Every structure is written in structure tokens, then in C-alpha cells.
Number of protein chains: 2
Amino acid sequence: MDFFFEPNGVAVVGATPERYTGGHYLLTNLTLGYKGPVYPVNPKYDQILGLKCYPSVSDINGPLDLALVFVPAHAVPQVLEDCVTRGVRGAILESSGFAEVGPEGKVLQDQCLAIVRKGGMRLWGPNCMGLIDFSKRYVFSFMIPEAWQGSINPGGISLIVQSGLLSAGFITTLMSNKTLGLAKVCSIGNKSDVEETELLEYLLKDQATKVVCLYLESFVNGRRFFELSSSSEKPIVVLKGGKSSLGAEASASHTASLAGNNDLIKGALRQAGIHQADDFFEMVDIARTLEKDFRLQQPPEGEAKIAIFSYSGAAGIVTTDHMVANGLTLARLSSKTRQRLEELSPAWMPIKNPVDYWPAMEKHGPALAYKHAIEVLHEAPEVDGIIVHLFAGFGLWFLDMKEIMSGIQKPRKPILFWLIGPEKGREVTRKALEEDGWPTFYEIHRTVRVMASLFEHLQQAGESQNIPSIEFQANVALKELASQPEEKRTRILDEYEAKKWLQSLRLKVVDEVIVNSYAATLRAANTLGFPVVLKGMAEGKIHKTEAGLVRLNICTPGELKRVYEEMRRNEVKPQSFLIQPMLKGDFELIVGITRDPQFGLAAMLGLGGVWTEVYRDVVFRLVPLTQKDVFEMVADLKGQALLKGFRGSKPVDMESLADWLIKLGWIALAYEKIQEIDVNPLLIIDGAPVAVDATIILR
Amino acid sequence: MDFFFEPNGVAVVGATPERYTGGHYLLTNLTLGYKGPVYPVNPKYDQILGLKCYPSVSDINGPLDLALVFVPAHAVPQVLEDCVTRGVRGAILESSGFAEVGPEGKVLQDQCLAIVRKGGMRLWGPNCMGLIDFSKRYVFSFMIPEAWQGSINPGGISLIVQSGLLSAGFITTLMSNKTLGLAKVCSIGNKSDVEETELLEYLLKDQATKVVCLYLESFVNGRRFFELSSSSEKPIVVLKGGKSSLGAEASASHTASLAGNNDLIKGALRQAGIHQADDFFEMVDIARTLEKDFRLQQPPEGEAKIAIFSYSGAAGIVTTDHMVANGLTLARLSSKTRQRLEELSPAWMPIKNPVDYWPAMEKHGPALAYKHAIEVLHEAPEVDGIIVHLFAGFGLWFLDMKEIMSGIQKPRKPILFWLIGPEKGREVTRKALEEDGWPTFYEIHRTVRVMASLFEHLQQAGESQNIPSIEFQANVALKELASQPEEKRTRILDEYEAKKWLQSLRLKVVDEVIVNSYAATLRAANTLGFPVVLKGMAEGKIHKTEAGLVRLNICTPGELKRVYEEMRRNEVKPQSFLIQPMLKGDFELIVGITRDPQFGLAAMLGLGGVWTEVYRDVVFRLVPLTQKDVFEMVADLKGQALLKGFRGSKPVDMESLADWLIKLGWIALAYEKIQEIDVNPLLIIDGAPVAVDATIILR
């Protein structure tokens with residue numbers, strides 16, 4: 001990818017002397033930063049901005065790695081042919097009018113792709129804003145020169161944005177704050193060839209990049225993205241567009257991309273330790289805080305313990321509300337910490353967390369009060385992070401924050417500021433704090449959300465200690481089972497067959513007998529014990545309940561006879577019958593495996609029954625799984641309390657549950673013909689999971 | 001309350017010539033705006049700021065309605081005594097050190113309250129920042145004079161803030177934006193006497209006030225607050241602090257207030273048509289948009305239909321995601337609207353919503369494109385509101401928004417701007433738009449949240465058409481039942497008795513027989529039909545399942561015998577037995593009535609079983625209820641899909657469900673001795689609710 005980021009020679013195809021046009025901006029930007037040879041290309045002109053202009057790329061002499069292309073869509077294929085002929089290594093195609101506008105545009109885009117593939121060239125875009133390198137001042141983009149000149153501030157945050165125009169407007173806005181440092185911005189548009197995974201790999205190795213932010217509407221190679229992220233030491237923040245089905249519809253029209261299963265993507269990103277954002281500035285707020293390299297203490301029981309330091313009780317309360325909603329908790333201050341804080345606070349004001357230090361500020365002045373309290377809280381071992389409320393205003397309330405924070409020793413715990421005040425005072429204070437590495441925020445909810453984001457993957461890491469990985473060896477029974485369906489050409493295994501696969505891995509399933517006559521049915525029922533369940537088996541029918549093929553809680557032989565006869569006359573005729581005892585569990589789970597086109601095999605865990613769909617309480621992780629993954633899946637369920645022993649019932653045996661999900665993953669990994677496994681319900685009886693129904697779908 | 005808002009004569013107790021002190025600021029602020037007589041009070045001085053200073057309030061001659069008190073807490077009782085003696089009508093006590101610091105402070109506060117109550121004086125505070133009237137320039141507060149001088153901008157938003165310091169810092173921040181217009185700000189602190197309800201009543205009648213915002217940690221008189229809000233034409237926005245139990249703990253220490261049942265408060269505020277916010281600036285963002293008096297179209301199917309107008313596909317997608325999360329939907333543009341938009345857009349770019357108008361902006365310039373498209377969308381009958389994405393930057397991208405918006409005819413639909421860009425361009429554009437009544441926001445999530453807030457109560461109003469109100473007349477059976485418990489002195493009615501109350505109102509309960517011998521039990525079981533349920537009745541035992549007194553799904557006489565004998569030997573001995581058929585429902589609800597100390601009688605509806613507690617899916621409304629209230633309760637349930645006919649089951653009969661909740665409300669209204677009614681489970685069988693268990697608790 002170096003010929004994109006550090007090209008020797010750049011052509012600007014579509015360069016023009018006409019002002020206020022993209023072609024003019026592209027060329028101007030190059031002349032303002034890039035030091036190598038620049039070649040305007042436009043048959044209408046001999047010279048632009050004092051540079052010799054060429055009628056076509058083929059006419060250029062001299063070193064030439066990269067072409068920036070900004071001509072109408074229909075003219076692009078010829079330009080790319082010329083580039084291939086000339087031996088150009090890469091083209092950044094910034095024009096629009098391709099896949100994002102519909103099927104005709106898609107044909108044109110595919111035509112372009114075929115040209116570069118054949119010619120061994122790489123294509124970036126189309127429908128994008130190109131590339132900016134802030135430390136080198138390379139702007140390979142048609143963004144307006146005024147937008148970056150004078151406000152370019154090199155730093156550690158790199159962005160990959162699946163969008164064109166937003167990236168320009170957004171980056172321009174970010175640059176105007178003077179404190180955010182950017183490394184590289186890659187606007188990848190329709191990503192016909194160069195896509196996020198390749199660029200992520202490049203940026204993870206890039207010296208200048210400390211944190212990578214991505215706005216994506218789809219993942220071209222989800223599994224590779226996952227693997228890169230999982231093994232990355234650099235923090236990654238993702239804003240996924242098209243989370244809702246309506247958003248996904250808009251997305252499809254935008255960059256012609258597949259939105260994918262959002263629950264699955266969310267789970268995979270979480271598993272990879274990626275920070276997830278919901279809005280553009282939130283993404284950057286998380287990234288700029290991660291860049292600060294705070295020392296994060298391992299919160300012993302999962303929830304990070306935060307101290308709130310405030311001049312206002314009300315702000316302390318609202319901050320606490322947001323903390324609870326974000327999985328943070330209030331640090332319980334030790335008596336030593338309280339004593340030290342009481343040194344400046346009048347005796348009538350009790351010290352607790354949130355620390356309402358107004359009386360101390362009034363008595364000793366805010367400068368001394370802030371300095372003392374922040375130092376004390378930073379030194380307190382019981383505090384994982386601090387949220388400081390600061391009003392930057394007039395007179396006494398215009399504080400020298402550089403001086404106040406100068407006593408904080410490294411390594412630093414996260415200290416985030418909720419900073420309000422009139423624009424004038426606030427802006428100076430903001431810059432002073434940000435320059436020294438202290439992040440500030442204008443809203444409480446954001447301050448808290450970012451603090452929570454710092455700790456979220458640390459908690460996960462904490463739980464991963466000493467959990468052995470398990471190796472899979474297909475046993476004889478499974479091998480035998482696996483060889484059967486192919487012969488029979490079955491696409492959907494019925495529950496009786498599916499459960500045999502599960503049993504072969506020693507996963508517990510309900511007792512059951514397959515029968516073909518009433519006499520055999522009655523014998524089986526007497527053996528299993530009433531009440532029983534009768535199921536009619538009809539090939540290809542997964543939804544047996546809806547087809548009238550399931551009768552629960554049959555109490556007596558008389559009832560069994562009646563039900564049996566009824567089911568024989570059912571609209572969908574059963575070929576055979578399955579009889580099972582009527583199990584009573586504490587509640588139902590659903591577990592399964594699915595094969596995603598972008599991310600590959602993924603496991604699902606959810607609260608079962610109608611509730612799965614009503615509350616959509618399901619969690620995904622990519623296969624293969626570890627016990628840690630399964631424990632995290634449980635922790636991500638909204639209804640997780642149910643699994644921890646609710647109303648006196650036994651807690652779910654977590655190792656057994658992990659066993660279930662890990663082993664289902666094994667089967668699907670071992671047998672590529674498996675498209676989907678569905679165990680529903682997985683009944684919890686005295687804490688132990690038992691499969692009552694299951695389906696395996698082959699592809 | 002007029003003597004607080006328009007006093008004739010104000011004393012400043014604790015005035016001082018020492019700069020940078022609250023006592024100095026208080027007096028300075030008065031001299032800068034208030035035109036009536038001002039009396040500094042401090043025995044140490046003869047004169048302050050050129051005004052004659054009095055040793056005590058009693059020494060003041062001349063008209064004197066109001067005292068602003070800012071002396072140490074221990075000195076306050078004497079000051080209040082002096083005020084009473086002098087005939088002062090009200091005091092604003094801005095000192096802290098009272099109930100907010102603990103029991104000792106509470107004693108002092110109660111002492112102050114006793115003095116004013118006895119003397120017929122009103123007390124505002126303590127622990128507050130007082131009162132500001134922006135149009136009169138009355139600042140009865142110790143806030144720093146620089147904070148408001150030169151930036152006071154009178155307008156229609158009034159605030160009531162249960163907090164001291166935050167209000168000052170927050171208001172100062174708001175004022176510095178130059179476009180937000182404020183009417184009155186009331187910081188009420190510990191609200192020992194004057195509280196939010198009285199002030200709300202005053203502000204709802206206040207000419208200057210168009211919208212009221214409240215930050216509250218508790219409601220002193222919730223029922224009255226509810227009634228005032230319900231009948232108010234002026235919009236009200238509430239930020240409730242202490243939503244979480246941790247937040248409530250912080251709250252208790254702050255202004256010594258009771259946080260109450262937050263689910264109940266949330267339901268009551270919603271029922272009253274109050275807009276609810278989660279953060280301080282969000283509260284004001286909602287209020288300043290409500291102030292604009294947009295014409296809101298009635299969305300026919302509940303969800304408001306919004307058009308998104310953008311220069312960026314990505315921003316359109318993220319906006320759509322937030323819209324879906326906030327209950328808004330994308331307007332489906334008519335062919336006429338699309339045709340008109342296509343006038344400027346090149347043929348290759350398909351027009352749909354979100355409208356990605358970049359190609360049109362490029363072709364015709366952004367000024368023309370914005371003007372044309374916003375007018376077209378505003379005129380489209382299928383559009384209820386518009387979210388416009390705007391980048392305010394340089395050159396072509398610095399637009400004259402006043403001119404662009406000048407063609408929008410009144411009445412105006414809501415047009416909200418997501419405005420980004422470098423500070424310089426953005427700030428000028430923001431002011432231009434805000435001055436003409438067009439709200440702007442810096443983040444997508446907030447833009448969408450505010451748009452949703454505009455429509456939320458309109459949707460509710462829409463459903464309220466043609467629903468008759470029902471009158472309650474206690475029948476003979478109920479009167480007879482109601483007279484019994486008092487004689488027996490029962491505090492908790494067992495399920496058999498409780499269900500008789502329900503039956504007397506023709507609410508359907510499970511068939512059941514009370515029995516005392518096995519023979520009678522078996523007879524009853526045979527009559528009701530197996531399988532049956534056996535329950536042991538022991539006085540005062542509400543949680544029968546946990547006590548081993550409930551056995552479900554008894555299939556045969558043999559099993560019944562065994563279970564009966566076992567239960568007779570149970571640790572908690574049953575006095576009698578209840579036998580019921582084992583009902584099979586589609587799912588369980590829970591309904592009930594509770595009596596809240598602040599809000600009075602409230603009804604609850606929730607998804608039943610363990611799920612109530614696991615997902616906490618419960619909704620409250622205050623009694624008396626209308627059908628509309630119950631329909632809204634259902635719509636507020638997270639699991640509402642379940643009630644609408646899930647997986648082929650019959651939808652819940654909404655009129656029957658409404659009947660249940662309305663009638664439970666009647667009983668509790670009619671009989672004040674009822675503390676609580678709990679019907680759990682209310683089983684749904686073929687769409688009809690049937691009570692299986694119930695409890696009534698008397699007080």
C-alpha cells in the first residue's frame with residue numbers, strides 16, 4: 001500500500017484551472033504539501049498552476065506511482081486503461097456515479113475493477129474523498145484547501161471512513177478545535193478494491209497511528225477484520241452505520257454494501273476488543289481519550305470504581321445516573337482519602353462520593369481546592385478513574401488548570417473533565433487541559449460514556465485468566481453420523497437425527513423414543529412416565545408446533561390415545577412419532593450456530609421461548625469459542641440475572657453451558673456442510689442444560 | 001408569590017464590601033437591575049456600595065417585601081426572626097449547611113421553617129442560588145455579576161432547578177451562546193417551604209414564560225404537579241435526578257429528598273404530557289425547540305414521518321439509525337416530491353429519503369440546492385418534519401441561511417439542523433438560523449432525540465379520540481365485601497378473598513373451590529377436571545410458592561392424594577386448601593395498584609412471571625385511568641409485541657385489559673384503606689385476561 005501513502009509521482013486526472021471545482025482543489029492541495037513530481041492531466045490545457053499539463057496519463061514522463069482521478073464516471077474506464085498502460089501502481093478514484101447510484105453504476109464500477117485487476121493495478125474508491133496524511137501534509141483529496149491549511153494538527157488518531165463528503169466536513173470540523181491530533185484519514189467510498197481490512201492492517205503497523213477509528217456500513221472481509229483487531233495492541237473504535245433495518249436500506253443505496261446481521265457484528269466486534277460508538281463525535285471522543293494512554297487499574301469485580309469531584313450536588317447525581325446506566329460504579333472512599341479531603345472542607349460538610357467540594361472551594365478558593373482534591377483522589381488506590389466537574393468562567397473561576405494538574409504523577413489514571421462555562425473562559429481552559437493530555441467534554445452523558453469505554457475491554461480481559469482451551473477430536477459416533485446425511489442427500493436433519501449428533505458429543509438431550517404405532521407409543525409413555533409429549537415427525541417440517549405436530553403435557557393413557565388419533569388425521573401427516581417425558585425446567589435458552597458470509601461461523605445464545613423474539617435478547621460470538629467468550633456472552637444478556645439463580649432456583653452450571661456452545665462450534669468447524677445448528681429450547685433443569693428440540697441445516 | 005418575583009423593597013442580609021464574596025455579588029447584582037429600594041444588612045458597616053447599611057432587618061425603614069439571606073447557617077434563625085418581626089413577606093435563603101449536610105442541618109432547617117410558618121412568612125431555599133428575572137434584569141442571586149451582565153437575553157424559557165451551584169454555572173454557560181432566550185430561573189435548593197409545584201403554577205400563568213424546564217430530585221406534591229402539568233398548554237420538560245438507586249443515594253445526601261419510585265414517576269410524567277430529558281443540555285435543547293411553536297402534523301399511524309436532507313449518504317444512514325431508535329420513521333416521498341427534487345439533481349442520482357443531494361449541490365451550487373429542496377420538502381404533505389445536514393465552512397460552503405430559509409411559509413413544520421463545520425463558519429451560521437427560529441444541533445443523536453420529543457405527546461393525543469370515560473358505582477357485593485375486613489382486622493387478604501373483590505366487579509378469575517378434606521379435594525378436582533392446581537392457604541403467607549404451598553399440573557387422583565398428604569405435612573401448615581384447574585395461557589401479565597406518598601394511587605402493568613423482575617418491563621400510570629391511558633401503557637411495554645398476537649396466538653382483548661386496570665383503580669379510589677392490589681399472574685387465555693392469583697393489602 002506504500003504507493004498510496006508515499007507515492008513517487010502523482011498524476012491529477014481531471015485537473016483544471018477553474019476555481020471552486022474539485023479538480024482545481026485536488027491539484028492545489030498537492031502543490032501545498034506533497035514534495036514529489038506532480039502531473040496535471042487534462043487535454044484542454046497546456047499548463048495549470050504553473051505545472052505542465054498532459055493530455056493523457058500515457059503522455060507523462062518521469063516517476064509516476066499514483067493517479068488521482070476526478071473525471072465524470074463514463075470517462076473513467078479509459079483513464080484507468082491509460083494508467084495500466086503507463087504502469088501506474090494505484091489510482092484513487094474520487095468521482096461518483098458508480099455502484100452507489102444503482103445497477104448501471106454498478107456495471108461501470110465492475111468494468112473499472114476488471115481493468116485494474118487485469119492490469120495488476122490497485123483501485124481506491126470510487127465515490128470517496130481519498131487520503132490525507134497529516135504529518136507529511138499530503139492531501140490527496142478534493143477537499144477545499146482553506147479547510148486544512150493553517151489548521152492541520154498532526155497526532156495519533158487515524159480514520160477510515162466509508163463515505164465521501166462526510167469525511168471532509170467532519171475532518172474539517174475536528175481540525176478546527178486545534179487540539180485533536182490526526183495521523184491519516186482514508187475515505188474509501190464504495191471500496192471496490194481497496195477496503196477497510198487492508199487499510200486497518202496498514203495503519204496498525206503505521207508508526208504515527210496510535211488509535212484507529214472506522215466508520216463502516218459493511219465489512220468486506222469480516223473474519224480477517226476480526227482477527228486483525230483481536231491481535232491488535234492499538235485501540236480500535238468502530239461506528240457501524242445501518243444498524244436498523246431502515247438504516248440498512250439507506251446504506252444499500254449509499255455505497256451498495258450489505259449491512260449484515262447487526263447483532264452478529266456487534267458481538268464479533270466486542271469479542272475482538274473493539275470500542276463501539278453510535279455517533280461521529282462520540283467515536284472521536286472515545287478515540288482521543290484512548291490516545292492519552294491512561295493507566296487502567298483492573299477493577300476487581302468488573303465495574304470500574306469512579307470518583308466524582310464536583311462543585312454541584314445536582315451534577316453529581318446526574319453523573320451517577322449515567323454511570324449506573326453505563327456499568328460504572330461509585331468508588332467507596334477509604335477513611336484515609338476522606339480524611340485528606342476533609343483537610344480543606346468545613347466540618348459540617350460530610351465527605352462522600354460524589355465529592356461535593358463547594359464549601360472547600362468557598363473557604364480556600366477553587367484553585368487550592370481543585371489541586372488538593374484531584375491529587376488526593378488520584379493517589380487513592382480505591383479509585384480507578386475520576387470525573388471532574390469544572391466551570392470555567394470569570395475571576396476566581398478562571399483557573400490555571402496546567403498548574404492545578406501539574407502535581408499529578410505518572411502513570412496517570414483517567415481523569416476526565418465535564419467542562420462548562422461561557423465560551424471565552426471555557427475554550428482557553430479546554431485547550432490548556434487538552435494540551436496536557438486531560439480530555440474534556442461538554443455533556444455529562446458523553447463524559448461518562450467515554451469513561452465506561454476505557455474500561456469495557458479491561459473487564460473482559462480480567463475474566464480470561466486460567467481458562468483452559470479445549471481441543472476437539474471427532475469421535476467415532478460423530479464421524480459415522482456425519483457420513484450419513486450426504487448419502488441420503490438430506491438438507492434438514494429432523495430433531496431425532498439432530499439430537500443424535502449432540503449426544504455423540506456427550507451433550508445432554510431429552511430421553512425420547514421413536515415409535516410407529518399406538519401400542520408402541522403407550523409402551524414408551526409408560527416407560528418414560530406420564531405426563532409425556534407427543535411429536536409427529538414429517539420430513540422437512542422444522543416448525544412442528546405451527547403445523548399441529550406437537551402436543552405437550554399429556555397426563556393419561558386415555559388422553560394419549562385421543563391425541564395420537566388426532567395427530568394421525570392432522571393436515572400435515574406424520575411419518576412417525578416421537579415420545580418424550582414432559583420436562584419441567586426453570587426456564588428456556590436458545591443456542592445455535594450460524595455461518596455468516598462475511599464473518600464465518602458464529603455462535604448464538606439467547607433467552608428462549610417467545611421472549612427471544614419479543615425482547616430480542618440474543619448475543620453472538622465468533623467460533624471457535626473459549627469459556628471466557630461464553631461467560632461474556634452470558635454477561636451481555638439483558639436477562640442475565642435469570643442465569644445466576646433467580647428466586648431461589650439453582651444458578652446455571654456455567655461450565656456445562658460453555659461446553660454446549662464450544663462443542664456446537666466444533667461440529668460446525670469440523671463439518672463444512674453444516675450451515676446452521678439450532679437448539680431450541682435448551683431447557684435449564686436444576687441448573688443443567690438439556691436439549692428438548694434441535695435442528696441441523698446442511699448446505 | 002408576587003413578593004418574590006416583584007418585591008417592593010429588598011434587604012440583603014450578609015451584604016459586604018469584600019470583593020469576590022457571595023454577599024458582595026448579591027448586593028452588586030441588585031444595584032445593576034432592580035429598581036426598588038435596596039437595604040444592605042451587616043452590623044459591621046455603615047455603608048456598602050454607597051447604600052446605607054443596617055445592623056439588622058428590624059432597623060430598616062421603608063417598604064420591604066423580600067430579604068435575601070446569605071449568612072452562616074447558625075446565624076439564620078435570628079435573621080428570620082427579625083424578618084418576621086419586621087413584617088417581611090418572603091425570604092430567599094441562599095446559605096448552605098442545612099438538611100443537605102445531615103441530621104444536624106435538618107434540625108436547623110426545621111427550626112427555620114417553624115419560625116417562618118409561625119410568622120406567616122414564606123421561605124425560599126435554603127442551599128440555593130435564588131431567582132433571576134431576565135426581562136426585568138432582577139438578579140436575586142449571589143452569581144458573579146460578570147456572568148450575566150452583557151449576556152442577558154430575555155426569552156421564553158423558564159427554569160426551576162433543585163440545585164444551587166449548578167444553576168449558576170449552567171445558566172452562565174447557556175447565556176454565553178447569545179441565542180437562547182430565558183424568562184425566569186428559580187433555584188430552589190432544599191425547598192423547605194417554597195417548592196416546585198407552587199412555582200410551576202406561577203410560571204404557567206406567567207406571560208413571559210413559554211416553556212418550563214425543571215431539574216428535580218424529588219416531588220414534594222407529585223399529584224398536584226401531575227394535575228398542573230396535565231392541564232397545561234405550555235410545554236414542560238423535566239430532568240429527574242436520582243434515577244438509579246446509586247443516584248438516589250447521592251440525591252438523599254444532596255437536598256435531603258426522597259427519590260421515589262422512578263418507574264412510577266416516569267409513567268406519571270409521561271401521562272401528564274411532560275417531556276423527559278436525561279441530561280442538562282438535552283433538557284434545554286428540547287425546550288428551545290418546543291419554544292419555536294412548530295406546527296406538528298398528526299402522524300396517522302403513530303410514528304412521525306421525517307425527511308432527511310443531506311450532503312452525505314453516511315450521515316443520512318447514521319441519522320436513520322438514531323431515528324429508528326427514537327420511534328421516528330422515514331417519510332416515503334411522493335412521486336410529485338421526487339419529481340420536484342429531481343429538477344436540480346442529475347438523472348443518474350436516484351432521489352429517495354434520506355435525500356443525498358450532493359450531485360445537485362455540485363451542479364447548481366449549494367445555495368440554490370438547499371433553498372429548493374428545503375422548500376419542496378416543507379411543502380410535501382407526506383413529510384411531518386425535516387432534519388437538514390449542513391456544513392458551514394468556507395467559500396461556497398458559507399451559506400446565507402436567512403435568505404435560503406426565507407421562502408418557508410408559516411405555519412412552519414419542524415426543520416432541525418445538524419450543523420457542523422469549523423468554529424468560525426459554524427458559529428455565524430448557527431446564530432443566523434437560531435435568530436430566525438431554526439434550531440441547530442452539533443450531534444446527530446441530539447438532533448434526532450429532540451425531533452422525537454416534539455412528536456411524542458402528539459401521538460398519544462391522537463389515540464385518545466372517541467374513547468368513552470366510564471363511571472364507577474360500587475355494587476352491593478362489593479360494598480358487602482368492603483365492610484368485612486375491618487371487622488376481622490385483616491391486613492392482608494388471601495387470594496380467595498381478594499379474588500372475590502375482583503369478581504364483584506365482573507373481572508374474570510380462575511374457577512376455584514375451597515376445601516378442607518381430601519374427599520372434598522378429590523370431588524372438586526373431578527368437577528373442575530384434571531390436571532389441577534392445589535394451593536395451601538396459610539394466613540399472612542403471600543409468597544405461597546416459596547413456602548412450598550403451591551403444586552401445579554396434578555394429573556391424576558393418585559398424584560393428588562400424594563401431593564395433598566405432603567402439603568399437610570409442610571413446614572408452613574395450611575389451614576385450608578384451594579383447588580383450581582391447571583389453566584394454560586399464552587403468557588402472563590401482572591397488574592396492580594399501589595399508593596405512592598407523593599403521587600397517590602398508581603396502576604401498574606407488566607409482563608409477568610420471572611420476566612417482570614429480569615427485564616423490569618413494567619409501566620405505571622396514575623389513577624383514575626382512561627382506556628387511552630391503558631393503551632399507552634401497553635405501547636410503552638418493551639415486550640408489547642407479545643400482546644399484539646405473537647406467533648399466531650390471538651391478540652389480547654385491549655378493552656378487557658383496560659377494564660381490568662380501570663376497575664382496580666376504582667376499587668382503590670373508593671376504599672381508602674386499600675394500600676396495594678396485586679394480580680399476579682393475570683393469565684392471557686385466547687386473548688382474554690383471567691386472574692389466577694391476587695392479593696389485596698390494607699393499611
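Biologist: Which residue takes a positive phi just after α17(A)?
Modeller: The model is predicted: local features need pLDDT of at least 70, side-chain atom pairs count only at pLDDT 80 or more, and totals for chains, interfaces and linings use all residues. Residues are numbered from 1 along each chain as its sequence is written, chains are lettered from A and ligands numbered from 1 in the order in which they are written, and side-chain values use heavy atoms, leaving out hydrogens and water. Helices (H or I, at least four residues) and strands (E, at least two) are DSSP runs, numbered from the N terminus. Just after α17(A), a positive phi of about 90° is taken by A:Gly437.

Biologist: How far apart are the end C-alpha atoms of helix α17 (residues 423-435) of chain A?
Modeller: The expected span of a helix is 1.5 Å times one less than its number of residues. For the 13 residues of α17(A) this gives 18 Å, which agrees with the separation of its end C-alpha atoms, 18 Å.

Biologist: What share of the 699 residues of chain A counts as buried?
Modeller: Buried means under 20% relative accessible area, exposed over 50%, and partly exposed in between (1.4 Å probe, protein chains only). In α17(A), the buried residues include A:Gly425, A:Arg426 and A:Leu433. For chain A, the share is 62%.

Biologist: Is A:Thr197 buried or exposed?
Modeller: A:Thr197 lies in helix α7 (residues 196-205) of chain A. Leaving aside neighbours within four places in sequence, A:Thr197 is in contact (heavy atoms within 4.5 Å) with A:Asn221, A:Arg224, A:Phe225 and A:Leu228. Because its relative accessibility is 3%, A:Thr197 counts as buried.

Biologist: How are α21(A) and α22(A) oriented to each other?
Modeller: Axes are lines fitted to C-alpha atoms, for helices over the stretch in contact, and angles run from 0 to 180 degrees between N-to-C directions. Helix α21 (residues 518-528) and helix α22 (residues 557-568) of chain A pack at an angle of about 140°, with their axes 11 Å apart. Angles under 35 degrees count as roughly parallel, over 145 as roughly antiparallel, 65 to 115 as roughly perpendicular and the rest as oblique. The two helices α21(A) and α22(A) are therefore oblique.

Biologist: Which residues of α22(A) meet α21(A)?
Modeller: From α21(A), the contact involves A:Tyr518, A:Thr521, A:Leu522 and A:Ala525. Their partners in α22(A) are A:Pro557, A:Leu560, A:Lys561 and A:Tyr564.
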